[in-house]
Amino acid sequence: MTAWEDLRGAAPPALLRGRPVADAEEVLVLTYTCDLSFFEDVCLREAQAVRARTTILYDADRLTQKPRGNDYLALPVVCRAGGAFHPKLVVIASEADTVVAIGSGNATPSGWHHNAEVWTMLRSADPTVPQVFHDLAAWLRRLPDAVWMEDLGRERLGRVADILSCRPAEGGPGQPVLVTTATRPVIEQLPVPNTLVTSLAVAAPFFDPRAEALRRLVDRFGPTALNLMLTRDVQCDPDALAKVVKQATTGVVTTPDSSRYHHAKIVEWETADRSWALTGSANCSMAALVKTMAMGGNCELGLLTETQNPLITAVPVQEIDLARPEDLHAREPGERVRSGIALRILGVRVSTERVEATALIEGSQAPAWLMVDGLQLDHERSDGRLHLYAGVPAPDWSFTIGETATVRVVTDTGAEIRDVVVTDVTAALSRIDRPSPLEHASLHVVIADQAHLAALFDALAHLSTVRPDRIATPQGTSRRRRVEGRITTAVGPALLRFALGMDRILPTPADDDIFDGLDNEDDGPQPARQMEPRKTGNPPLRPETVATVLDALTTGQRTRLRREIERLVDTSQGWPLPAKLAVSRLVLTLVAGGLWADPADWSDLLYWLMMQLWTTDQEESLEDEHAALATIGLVALHTGLNREAEPDSAIAEKFEELRQAYAEWTDWLGAVPEETVRRYAAGLSGHTLGALFGQTDFVAELSWILSRSALQDAVDRLTDARLDSGGVVRVAAGRTTRLAVLAALDVLRDFPDTQVASEAEPAVHGWWNRRRLLLVTRTGANWRAEVWSHLMTGIAAYSRGTPLPPPNRRWTASEPDDAATSTRL
């Protein structure tokens, strides 16, 4: 057996990629939160490479991403007494060689990659196995009596249990002991030494609201010293924790130096000569440590081990004061709230001869039948709240799988249950031959934290390695899903959603939004909460958003952030489309939030972004997002140029070239779905782009922008001016009609020979081309024409009232246009 101390911390993906059991029969995963798309990417291929049947059990309320494949068993379960199904287990088993890993990480990108977790791995290829294997087998056999699950789940657990216990058990000193909530509370299974406990150390991402479980640990062990390690984004009541810490003679509270989310759950205690550690799935909560499953507690799984080197003290930390917990970004803990779903379809299972569906029903009458893709499944039998439905399909019947391996189920009353996981049982049971901080923090939190921000830049750079042109798509498969899967594998689902505009940047987001993609260790889903004012004497604070975070930055911080973003735009010039989408959205969000006060600065940056989007290779699976961001970006850039009284002529000229380039692709831009545009536009309204910017009809606005000319834009920036159908700029009088025309000609100097005419009398027409100035003024029934040549300093001063020098020529003209023609401007 490999010593667990040598292998702890090895995450399941690394374990699976190592293929430790060359001819595994079964791979079993138990998890709380579950991302089936991610699971398929990092687990299923490795399991199938060694011909293993693959089964994953997860809490029915905690499925975050639906499956794409239907050739493995994804089984939702519900604890009968109302607790959370919370174990984290990986078993890779054959009758001759078995690996068991028990840890703290869920089967999500966060739990199996991004977070700091603790895993304990045990292996035996010997004629005997550790006693813990037999104990685990017994627990797996009993588990169906404590949770609602399909018959197929009971069969799979039984088969894995048989393999775990097919070889004799061999006990011995120093072996880990299995700890569960099946029959006794976890806290009662922790041995209390006969001698003084010198220290107790606890690390967990979740504590119950009153810190009662922590208090009971302190009461049980009576430690001289208490070490409490809290991750950033911990769920706790700091005041309640502080009261418990004071019970110990010496109390120290720390947080890891790293910005990584520490999701490990550890309880360690020491005497003068011995030490123990509890690791696994149990948080420091009543539901995890004090209650059994029958009492409504969670289904938990852990290992108790005598240790040589403490785990918690191996983590570089910094001490914190619970009276000032701002650096923790602590979240309020909450009690588990039962979902209250009266009818669940746990799954649809298709085999060669029949189709089955299992319904879990609470407090209502069972349907007489269910309909799946036109096939009626009749009620066959019941087992408590579980009801089995079955039907025999016609030879030509097949279920339809689109982007996900799910189906829609309709009951006899017309009720509709969507996104029910469907499995091809025959295939499933055959033996088939840099992380983003957005995973655990919202964007405004990332921007406010330099370590988070550096991690985001690293993730964006890593995203640039995902090149869609190198992703093969076999016939009949979804290219979109393959591209998304590759992105998710590279940088996690949160940055993928950000790049595709599929998240929502909200003020005061709910917990699930802040920690989207992370494990929500709150013992179950909670209803959305409204933000309550802080209970102080001060007025309620504004909710934190990107804009409020930027407003709070010092001048130096703002300057540094602007330089970092400008450097990012330069660096991303050659990046492929997925990374370009993420960078473009980030810059647009920071522009809208007010990072750049001067429109000239952010307009220049947006120009380069739009130029990069123009030159980036298209990708068919992301063309809607490509067009949507180009549409919003061009409208934002046009808005910025219009905010400047006189935009830089070089940028205006470049924008005109960009406008002409995009005008050749109006069909592509016009076909972008409105919903895609709306996703990206959410959160961009504000003082920078305008309070109603997000409500713009972007497709129509861009169509209007592309149909215009630079001259029309320049005229729009003039006060009380318009361009008539004949191409003449009409201006209202200022102090005099002559000065009004001169002022307009000066502003329009980049459009030589443009005719400007006063709306008021005496009528004045003017032309200016940086070489000659022509003014034609009505005098009675005639027109007086005057021309000035070689006005080397321009005409700006003359538009403000400085008298013009004597003209080089003066004459009487019949019409203003005749005067312009005769001077050959």
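Predicted model: local features only at pLDDT ≥ 70, side-chain atom pairs only at ≥ 80, totals over all residues.
Me: Why is Asp233 called buried?
Reply: Buried means under 20% relative accessible area, exposed means over 50%, and partly exposed is in between (1.4 Å probe, protein chains only). Asp233 has 2% relative accessibility, so it counts as buried. Asp233 sits in the loop between strand 14 (225-229) and helix 7 (238-245), and its phi is near 70°, a positive value in a residue other than glycine.

Me: And what makes Asp720 exposed?
Reply: Asp720 has 59% relative accessibility, so it counts as exposed. Its phi is near 55°, again positive in a residue other than glycine. You'll find Asp720 in the loop between helix 24 (710-716) and strand 27 (721-723).

Me: What counts as a helix or a strand here, and how many are there in the protein?
Reply: They're DSSP runs numbered from the N terminus: helices are H or I with at least four residues, strands are E with at least two. On that basis the protein has 27 helices and 33 strands. As for burial, 56% of the 825 residues count as buried.

Me: Why is strand 24 (residues 386-391) described as largely enclosed?
Reply: Six of its six residues are buried, so strand 24 is largely enclosed by the rest of the structure. Both faces are covered: Leu386, Leu388 and Ala390 are buried on one side, and His387, Tyr389 and Gly391 on the other.

Me: How do you know that strand 24 pairs with strand 21 (residues 355-361)?
Reply: Two strands pair if DSSP finds at least two bridges between them. Strand 21 and strand 24 are joined by six bridges and run antiparallel; Glu356, for example, has Ala390 as its bridge partner in strand 24. Strand 23 (residues 375-383) also pairs with strand 24 in the antiparallel sense, over five bridges, and there Arg381 is partnered by Leu388. Strands 23 and 24 form a hairpin with two residues between them, and Gly384 in the turn has a positive phi of about 65°.

Me: What makes strand 8 (119-124) and strand 10 (147-148) edge strands?
Reply: They belong to an open sheet of seven strands in the order 8-7-6-1-3-5-10, with mixed pairing. Strand 8 and strand 10 each pair on one side only, and that's what an edge strand is here. Elsewhere in the order, strand 1 (residues 26-31) and strand 6 (residues 89-93) pair antiparallel over five bridges, with Leu89 as the bridge partner of Leu30.

Me: Why is the contact between Glu25 and Arg159 called a salt bridge?
Reply: A salt bridge is a side-chain nitrogen of Lys or Arg within 4 Å of a carboxyl oxygen of Asp or Glu. In Glu25 and Arg159 the closest N and O atoms are 2.7 Å apart, and the pair forms a salt bridge. Glu25 lies in the loop between helix 1 (12-17) and strand 1, and Arg159 in helix 5 (residues 151-164), so the pair ties together parts that are 134 residues apart in sequence. Glu25 counts as buried at 16% relative accessibility, whereas Arg159 is partly exposed at 24%. The whole structure has 42 salt bridges.

Me: How do you know that Asp713 and Arg708 qualify too?
Reply: Their side chains meet at 3.1 Å, N to O, in a salt bridge. Both ends are buried: Asp713 has 4% relative accessibility and Arg708 has a relative accessible area of 13%. Salt bridges that share partners join Glu656, Arg659, Arg708, Asp713 and Asp716 into one network.

Me: What about Asp97 and Arg123?
Reply: They form a salt bridge as well, with the closest N and O atoms 2.7 Å apart. Asp97 lies in the loop between strand 6 and strand 7 (98-103) and Arg123 in strand 8, so the pair ties together parts 26 residues apart in sequence. Asp97 is buried, with a relative accessible area of 12%, while Arg123 is partly exposed at 25%.

Note on methods: Residues numbered from 1 in each chain as written. Heavy atoms only, no water.
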